[in-house]
Amino acid sequence: MGPARHLLIALCLAPLLAAAQTPYGDWYVGRDDAGAPYMFTMNQSDGIFGKWCDNDTEKCFWMLAVKTRCDAGATIPVLISSNLGAASTTLICSSPKLISGATYHRMIIADFNLMTRLARESTGQIGIAMAMEGGAFRVSRFSLHGSSQALTQMEQAEADTVRAKRSKGTRDTEI
């Protein structure tokens, strides 16, 4: 899967990208049309894993987008594994989105700090095993090559965005 495919997917996940994406290994860092930063990678099954921010709430979240169906609002237990070990958390299903003719189900990963630590410190691959109906599991694997560098760039972009936003407005903020 080439950079053009990654750009197409990102265009659908982060509407109306205003700037080019920068690659870091198997990861891409960019900003959406509102200037909110994001980073993501894809696997060979066109699954998407990454971190997105929302400028309005000034919150960021880790998300998995796959073709496996889930109902909006549902929670799914998952086991996440990397070279650092394994941990359990949950996915919170969001609304589906049509991307390149396929329906992707977006799921927010509940343990933000765990995902940040794994993206920064793990090497090799990360595996996310979702419990399915009937006792089955679906495992999505993603490369972590470049994730630490991408995360460093993303966090700098987040800090720049918050600083710029706070210096321009009179909105109440927490410091």
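The model is predicted. The protein chain has three helices and 10 strands, and buried residues account for 42% of its 175 residues. Two disulfides are counted, and the largest pocket has a volume of about 350 Å³.

**Overall architecture**

- In sequence order, the secondary structure of the protein chain reads α-β-β-β-β-β-β-β-β-α-β-β-α.
- Among contacts in the protein chain with a separation of 6 or more, 50% are between residues 24 or more positions apart.

**Disulfide pairing**

- A disulfide is a covalent bond between the sulfur atoms of two cysteines.
- When the bonded cysteines of the protein chain are numbered in sequence order, the pairing is 1-2, 3-4.

**Disulfide Cys53–Cys60**

- The sulfur atoms of Cys53 and Cys60 are 1.9 Å apart, and the two residues form a disulfide.
- This disulfide is right-handed, because the torsion about the S-S bond of Cys53 and Cys60 is about 95°.
- Cys53 has a relative accessible area of 11% and is therefore buried, the cut-off for that class being under 20%.

- Because Cys70 lies in the loop between β5 (59-66) and β6 (75-82) while Cys93 belongs to strand β7 (residues 85-99), the pair ties together parts that are 23 residues apart in sequence.
- Cys70 is buried, its relative accessible area being 8%, and Cys93 is likewise buried, at 5%.

**Largest pocket**

- The lining of the largest pocket comprises 22 residues, and those nearest its centre are Met42, Asn43, Gln44, Ser45 and Arg141.
- Two or more lining residues come from each of β3 (37-42) and β10 (137-143).
- Strand β10 supplies the largest share of the lining of the largest pocket, with six residues.
- Classified by residue type, the lining of the largest pocket contains seven nonpolar, 10 polar and five charged residues.

Methods:
Residues numbered from 1 in each chain as written. Predicted model: local features only at pLDDT ≥ 70, side-chain atom pairs only at ≥ 80, totals over all residues. Heavy atoms only, no water. Disulfide = S-S within 2.5 Å. Buried < 20%, exposed > 50% of the residue type's maximum accessible area, 1.4 Å probe, protein only. Helix = DSSP H or I, 4+ residues; strand = E, 2+ residues; numbered from the N terminus. 1 Å grid on protein atoms, 1.4 Å probe; cavity = no way out; pocket = protein on both sides within 12 Å on 5 of 7 lines; lining within 4 Å. Points joined across faces, edges and corners; volume = space filled by probe spheres on them. Nonpolar A, V, L, I, M, F, W, Y, C, P; charged D, E, K, R; others polar. Contact = heavy atoms within 4.5 Å.
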